[in-house]
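Hello,

Here is the structure I said I would hand over. Please open it before you read on.

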Amino acid sequence: ALRAEGALAAGSPADVALGALADARPWPFHPALFRVQRDVVEPRLEAAILGGEGIEASLEAARRAGVRPVFVGDGPARADLAARYPEAVMLGWRDEAGVQALMRQARALVFPSVWYEGQPLTVYEALACGAPVIVSDACAGREAVEDGETGFWFRSGDPDSLAAHLVRLSDDGLAERMSRAAYERYWAAPLTSDAHLDRLMQVYDFVLREARTAGAPAGRVAAS
């Protein structure tokens, strides 16, 4: 199994995509602890592809869109993928500061997970850095992305759907507008521990109200 934890890299504006290829080693990131400076948007890079279970769909999409994927990280599938996709560039590990610096340069980050997993912090990291996110419509990461505003949703596991969005973001004007929207909307309500707890309590309050309305014992609901 191959799992991606972060991103990124730099390259020419014509043919480079960004991405992360990683094994299960996590690296720490806390979006609430830093605020990037993005006074000037520099659309130097075509995309950022964050691999995971959908990594092959990402590679196919990059090939069909005419961009060359560049991955940061490592993992047991690296040699096989490099052989099958020789146009891909795999740079190995970068430290946290390097990942964040490169993400701030990224035109977009692609999160292609095929599973409905927990909310990935990588999506928030990209938005905090001003990188629009192209996210699979099958995972929880889409909840942080406003389709057509701060990124795009694509059909999970569909390389053509993903490739179409990569091509759309070759438009510098669109990429710049989405970059600014991603940055500004994230920092208007950044992800913090307090904000997370507030949202969690709202969910608990809603569940308890619904349970009381239905006549279920509140204690049983709370305990479950």
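My notes on it follow, from the overall picture down to single residues.

**Confidence**

This is a predicted model. The mean pLDDT of the protein is 74, and 72% of its residues reach 70 or more. Confidence is highest in strand β7 (residues 151–154), at 96. It is lowest in strand β2 (residues 47–50), at a mean of 42. Keep an eye on residues 1–51: the pLDDT is below 50 over that stretch. In the model, this stretch still has 180 contacts beyond near neighbours in sequence.

**Overall**

The protein has 224 residues, and 48% of them count as buried. There are 8 helices and 7 strands. Take the contacts between residues at least 6 apart in sequence: 64% of them join residues at least 24 apart. The accessible surface comes to about 10800 Å². Carbon and sulfur atoms hold 53% of that surface.

**Helix α1**

Helix α1 runs over residues 55–65. Its buried residues are I55, A57, S58, L59, A61, A62 and A65. G66 follows α1 and has a positive phi, near 80°.

Helix α4 is mostly covered, with 7 of its 8 residues buried. Those are T122, V123, Y124, E125, A126, L127 and A128. Note that the list includes a glutamate, E125. After α4 comes G130, again with a positive phi, near 85°.

How does α4 (residues 121–128) pack against α6 (residues 172–188)? The angle is about 110°, and the axes are 7 Å apart. Angles of 65 to 115 degrees count as roughly perpendicular, so α4 and α6 are roughly perpendicular to each other. On the α4 side, the contact is made by Y124, L127 and A128. On the α6 side, A182, Y183, Y186 and W187 make it. Y124, L127 and A128 are also on the buried list of α4.

**G141**

G141 lies in the loop between β6 (133–136) and β7. Is G141 buried or exposed? Its relative accessible area is 0%. Buried means under 20%, so G141 is buried. Leaving aside neighbours within four places in sequence, G141 is in contact with Q119, P120, V123 and V135. Of these, V123 belongs to α4 and is buried there. G141 also has its C-alpha atom 7.8 Å from that of F111, a residue 30 places away along the chain.

**H165**

H165 is found in helix α5 (residues 159–168). Its relative accessible area is 11%, so H165 counts as buried. Which residues does H165 contact, beyond its neighbours within four places in sequence? They are I134, F152, W153 and F154.

**Cysteines**

How many disulfides does the model have? The count is 0, with a cut-off of 2.5 Å between cysteine sulfur atoms. C129 has a relative accessible area of 1%, so C129 is buried. C139 is at 0% relative accessibility, so C139 is buried too.

Best wishes

Conventions. Residues numbered from 1 in each chain as written. Predicted model: local features only at pLDDT ≥ 70, side-chain atom pairs only at ≥ 80, totals over all residues. Heavy atoms only, no water. Buried < 20%, exposed > 50% of the residue type's maximum accessible area, 1.4 Å probe, protein only. pLDDT = per-residue confidence, 0-100. Helix = DSSP H or I, 4+ residues; strand = E, 2+ residues; numbered from the N terminus. Contact = heavy atoms within 4.5 Å. Areas by Shrake-Rupley, 256 points an atom, 1.4 Å probe, with all protein chains shown as cover. Axes fitted to C-alpha atoms, helices over the stretch in contact; angles between N-to-C directions. Parallel < 35°, antiparallel > 145°, perpendicular 65-115°, else oblique.
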